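Let us take a walk through this model together.

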Amino acid sequence: MAGIRFFTLLLAALIGLGALSNMAAAQSGSSIPYFEENILHIPRIDVEGFGSLKLELALQDESTLTFSLLSAVDADSSLTPGATYDLNSSILSVPLVQADTEFYALELQLQPGDLFQVLIANETVLTGQQEYNEQCASCHGVDGQGAAVAVSLVNCANCSSADILGTYIENVMPVGTPDSCVGNCAADVANYILTLFQVDDSPMVVQTIDAIESLSLEDTLRKASLQLVSRLPTDGEVNQVASGGENGLRAVLDGMMTEDAFYDRLIEIFNDLILTDRYLTGNGQFAEAINLMRIFPDAFWFGDPRTAERNAEYFSNVVTTNDAIAREPLQLINFVVKNELPMTEILTADYFMVNPYSAKSYGVFDELSFQDEYDVDEWLPAQLNDLEIQTRNGTIPVGDIPHAGILTSLMFLNRYPTSDTNRNRGRSRVTYDLFLDVDILALEGTRPDGEAVDISSPAPTLDNDDCVVCHALLDPVASSFENWTENGFYVPNLPWYDDMFQAGFAGVDRPASEEPTSLQWLASEIAIDPRFDDAMVRLVYNGLVGREPLDPPGDDGTDAEWDAYNAESVHLDELKSAYVADNQNLKTLIKEIVLSPYWRAESLENESFAIVHEETGAARLLSPEMLHRKIDALLGFEWRGPLDFYNITKDIDSQARLLDDNQFYQQIYGGIDSFVVTERLTEPNGLMVAVQERMGNELACYAIPNDFLADAEDRLLMPYVEKETQPIGNSNQSAIMNNIQHLHSHLLAENLEIGDPELDATYDLFVAALEAGQDAIGVTENGDLPFSCRRTRDLITGADLASPLTADPDYVMRAWMTVAAYLMSDYRFVYE
Amino acid sequence: MKRRTLLKTLTGIGMAGVLPMSLVRPAFGATADRFLITISATGGWDPTSLIDPKGDAPRADGLGPINNYSASEIKSAGNLMYAPYSNQVEAPSIESAGHYDNFFEKHHERLLVINGIDTQTNGHDSGRRFVWSGKLEEGYPTVAALAAAPFADQPMAFISNGGYDFTASIVAPVRTASAATFNQLAFPNSQFPADPELLEVGFFTETQYSLVQQAREARLTRQRITESLPKRQKQMDQLQTVKNTDVELQSLLEFLPEEVSSGLAGQGEVAVAAFASGLAVSANLSLSGFDTHGDHDLDHTPTMTELLEGIDTLWDQIEAQGLEDKVTVVIGSDFGRTPFYNQGDGKDHWNITSVMAMGAGITGNRVIGATDENYEAFKLNPSTLQPDDNGIIVTPQHVHRSLRDFLGIQSDLDNLFPIAVESLDLFG
């Protein structure tokens with residue numbers, strides 16, 4: 001009997017409340033009524049005379065299945081009504097109630113005392129539910145939240161429409177046996193997933209996002225400017241944002257994204273994951289990139305390394321050419337973004353990038369029209385046609401190379417090499433990770449934990465279910481690399497292994513006719529897979545926010561974690577939609593992320609959201625490279641030691657304190673070399689704090705005298721005071737306070753009103769330092785600046801200054817140096 | 001407990017990135033006097049070219065030979081067998097401390113070799129993870145981080161030189177550079193940190209600097225109180241925790257050699273100096289260049305020489321500081337290399353590998369485990385540690401179970417990252 005069945009369910013619910021708790025989170029954006037913890041939730045019911053209501057009915061008597069009305073409040077009008085109430089018969093009909101993973105159709109009769117008694121409780125099956133539970137749930141979970149072997153389906157990449165998801169299921173799922181769910185099965189399962197597992201603009205999502213209080217647009221502009229183009233915004237840009245609001249900011253960002261500095265930053269963002277900068281000079285073995293392409297006859301176009309004179313010009317050419325070759329895949333990304341091409345072009349490009357130096361090594365220089373033969377920053381697309389390579393046995397014709405963007409990049413293929421036993425599976429894993437947002441390694445949960453997998457069958461990757469789970473995904477992509485050797489060269493028609501899944505992607509076999517151009521075919525398939533867009537969102541979000549998007553919290557996730565995940569996921573879907581709608585233009589994605597509350601998060605509306613927003617915000621410990629550029633932007637010089645020698649040190653790479661990893665701090669401060677060290681440190685340690693301290697001290701010493709060399713209107717730091725200004729009299733005191741206010745704003749993006757305790761604290765430091773210093777003059781101190789802080793030479797030319805700045809008779813500059821040291825080791829300086 | 005739950009727990013106790021000492025019982029008292037160094041031969045070394053030699057006998061399946069030297073040339077030092085050099089390449093200088101003959105003659109009495117370890121993978125990332133954390137899947141910290149976690153309040157508790165240095169936030173990894181850098185950071189107010197006579201000449205006088213330091217500290221406290229964004233609150237907590245720790249880098253300088261070496265040897269010199277000065281508890285050292293898919297003998301030999309030279313320098317430093325009874329050194333790699341050469345004279349990835357250990361607590365001149373003529377692992381009897389057809393295949397899980405027990409990493413911290421296999425007495 002249905003009633004007994006429902007009663008049984010209720011008892012089960014009472015026992016297994018913990019198991020149900022996750023469902024509530026997944027349902028927070030759903031219109032479907034659900035039963036949880038003895039409460040029947042009806043997100044929306046329209047009742048004549050009462051409007052749209054959200055009802056909660058509490059189970060009061062198990063024996064009679066009687067509920068009492070717990071609450072009735074206005075419902076979210078965006079939801080679909082999930083129940084009806086007949087005023088004549090006083091019957092509440094709920095055609096679909098979810099209880100754990102089961103569904104019921106309920107009818108409840110209003111009884112005296114505002115009680116509702118269950119009349120009918122029929123178990124029902126949602127269309128697609130049975131197929132889902134049979135074919136999908138073992139990997140994705142009955143609740144769709146994923147498990148060790150499969151991703152969460154909550155707002156999944158292919159979930160943008162029933163058509164897209166249905167087609168994907170038909171072609172790909174279940175992995176390895178896609179034929180087992182096609183046609184109606186695929187369509188029904190798609191509908192079931194979209195009905196049950198998707199959250200959108202539910203009240204909780206809206207509330208969660210609305211709880212974030214964002215930076216002002218002006219402060220957002222400053223932050224974006226420093227992060228994207230390593231400079232402060234111009235007055236014109238500030239005015240444009242002030243007058244144009246968000247669209248004004250978008251326009252300013254468009255302008256910034258034409259600047260060279262933006263493309264330096266873009267390379268950094270992408271390299272943090274692709275890691276091909278391993279081949280830059282200084283990161284790996286010397287001239288490693290050139291050596292990787294030594295079979296190209298002109299690789300060493302500047303001189304045979306066995307015979308050439310090793311003079312300065314030779315080494316200059318080695319380094320310049322090597323770094324041009326090394327940067328090829330990242331320059332392709334720059335080219336695509338700069339020209340606002342769809343990002344899929346980074347895989348589908350039938351060309352690769354060269355500058356004049358690498359063009360000579362590849363032997364394509366004469367085919368291209370460079371404007372300046374010596375301009376390392378001039379990059380052009382090129383193709384390798386009628387290629388011949390140099391071997392021990394002489395020159396061998398290879399023919400035309402079927403370029404497929406990064407996938408066929410020599411640097412990418414060498415960075416992720418293969419072997420006879422690996423069979424391109426490493427390349428496949430990286431392809432999934434970087435371009436499809438799928439972490440194959442996360443699927444390793446099926447491997448028997450700590451015990452050997454049974455590999456006794458002839459081809460376990462084909463016939464052992466434990467292996468097939470991963471290899472059905474991994475191997476078709478791996479086989480698609482079949483024409484590319486371990487050294488990254490194109491050699492078509494080589495025999496390929498028949499004891500593994502053959503080339504293909506997402507359930508589609510690679511057509512035989514595409515065999516020579518296998519990776520071009522793969523690239524075109526990836527380009528139409530919506531997961532590629534997810535991958536780009538993840539990559540750029542990680543680069544700008546400093547962390548990857550939240551993962552589904554999983555079985556032990558709290559409601560707060562689910563709310564956080566759902567809200568961020570919904571929001572990122574919106575950003576992704578804007579990017580996709582603009583022809584997959586990465587600039588659009590960057591603009592939308594910059595404008596999003598997650599990047600602009602400044603504070604929370606109230607503390608109750610603190611647990612939901614534990615990870616919200618783009619506050620991050622600046623990388624050594626970002627900090628290096630920020631210093632230059634704020635002070636007008638880089639951190640390279642005393643400024644009297646800056647005309648020399650500015651041209652020596654190893655003198656950049658935050659970029660050199662040998663004598664200075666790039667590694668200590670958490671930088672990477674893309675080779676041995678590939679993960680940035682994101683949390684400070686004792687040595688990093690020591691770097692911050694030294695940085696604050698040194699920069700203060702250099703910056704204050706340097707600033708006073710300029711006229712007041714040209715100064716970055718000290719526009720309101722002179723180097724003799726002491727806090728004597730209201731006018732001077734006011735000027736000093738105004739300058740302190742300016743320093744907080746300029747160095748820390750902290751816009752404080754006069755009278756703010758923080759300004760007072762800084763003022764007190766200035767006065768205390770000044771008074772202590774003046775007291776010491778003639779005793780332990782003299783009237784000169786510390787040696788390293790003195791300025792006798794021009795910053796850029798090194799020429800002797802007509803009016804050297806070495807004296808500080810009243811200790812004023814040294815007092816300001818204490819202020820600068822205080823501010824330039826501050827949290828707001830080293831974090832952004 | 002899952003990793004995320006652990007991190008929540010850590011955050012909950014206000015120590016994101018730092019575990020309280022009480023979570024782990026240190027091996028010998030409350031302050032660290034037992035240290036761990038792990039050395040990663042990154043890329044996948046070839047034990048058959050070092051401490052599990054096979055020779056050039058033809059394989060039954062025709063794939064061989066395993067090595068380009070005769071089995072009759074295989075050498076021994078005490079109970080250790082070691083490979084001769086390939087007949088395809090020139091051996092390193094006999095003067096080199098990394099020459100096999102010199103190295104094993106000098107160190108065999110203190111070396112423990114564990115052969116025939118099945119890493120169950122031939123992927124670099126997963127291999128490194130398994131060999132150094134004991135867990136094939138993601139989420140487990142390197143054992144060096146586990147060793148350092150009880151002393152996470154020391155400024156350089158865990159020194160990382162790259163490789164697998166995931167810490168699960170139980171201790172912050174510290175990266176290092178040259179000796180000159182330590183001078184600069186040990187004396188952050190000095191204008192001339194490299195000049196002993198001018199070391200005291202600061203950018204600020206002591207009085208001024210004290211004012212700056214006090215102001216910095218007070219400001220961070222105020223910022224933390226008024227900050228409302230949880231992420232920034234957490235960052236400020238981390239910053240304050242680290243800033244409140246005395247970084248006595250000056251003491252490190254006292255133990256560094258006049259000229260710090262480059263490469264692996266230099267990594268070892270800094271690590272030992274950090275141990276001796278009480279700043280560090282563990283360190284991972286890393287040397288790459290073992291991923292020899294082409295010209296294996298040619299490329300592997302010099303890298304192996306550099307590895308052994310680095311270990312030799314490390315041991316000399318350990319002895320010079322009188323730490324030989326306190327420092328344990330574990331040497332391993334992502335996995336092994338194929339027991340045959342590919343068409344490019346290279347060797348590809350192979351799941352069987354070896355681990356070496358020396359130093360405090362290690363009984364040397366011992367070999368545990370073995371491999372057959374095709375370089376497949378023999379099963380071991382868990383009690384006798386002798387080959388036994390009814391025994392078990394040793395994996396990095398067993399190595400780490402044993403290593404953790406040996407190092408005294410126990411109870412709560414061990415349980416947070418459980419390794420649930422039988423404990424073999426591999427290191428005792």
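A residue is called buried if 20 or more other C-beta atoms lie within 10 Å of its own, exposed if 12 or fewer, and partly exposed in between, with C-beta atoms placed from the backbone.

## About the model

This is a predicted model, where local features need pLDDT of at least 70 and side-chain atom pairs count only at pLDDT 80 or more, while totals for chains, interfaces and linings use all residues. Residues are numbered from 1 along each chain as its sequence is written, and chains are lettered from A and ligands numbered from 1 in the order in which they are written.

## Two loop residues with positive phi

A:Ser90 sits in the loop between β5 (84–86) and β6 (91–99) of chain A; helices (H or I, at least four residues) and strands (E, at least two) are DSSP runs, numbered from the N terminus. Its phi is near 55°, a positive value in a residue other than glycine. A:Ser90 counts as exposed because it has 12 C-beta neighbours inside 10 Å.

In the loop between α22 (559–581) and α23 (586–595) of chain A you will find A:Asn583. A:Asn583 is not a glycine, yet has a positive phi of about 60°. With 12 other C-beta atoms within 10 Å, A:Asn583 is exposed.

## Domains of chain A

The domain assignment, automatic or from a database, divides chain A into domain 1 (2–124), domain 2 (131–198), domain 3 (205–256 + 530–609) and domain 4 (624–830). Between the C-alpha centres of domain 1 and domain 4 of chain A there are 65 Å.

## A pair of packed helices

Helix α10 (residues 260–274) and helix α13 (residues 328–338), both of chain A, pack at an angle of about 130° with their axes 10 Å apart. Axes are lines fitted to C-alpha atoms, for helices over the stretch in contact, and angles run from 0 to 180 degrees between N-to-C directions. α10(A) and α13(A) are therefore oblique to each other (under 35 degrees is roughly parallel, over 145 roughly antiparallel, 65 to 115 roughly perpendicular, and the rest oblique).

Residues are in contact if their C-beta atoms, placed from the backbone, lie within 7 Å. Among those making this contact are A:Tyr263 and A:Phe270 of α10(A), and A:Pro329 and A:Val337 of α13(A).

## Where chain B meets chain A

In this interface, 68 residues of chain B are in contact with 68 residues of chain A. Elements giving two or more residues to the chain B side include α3 (124–133), α6 (206–226) and β7 (282–288) of chain B.

Notes
Contact = placed C-beta atoms within 7 Å.
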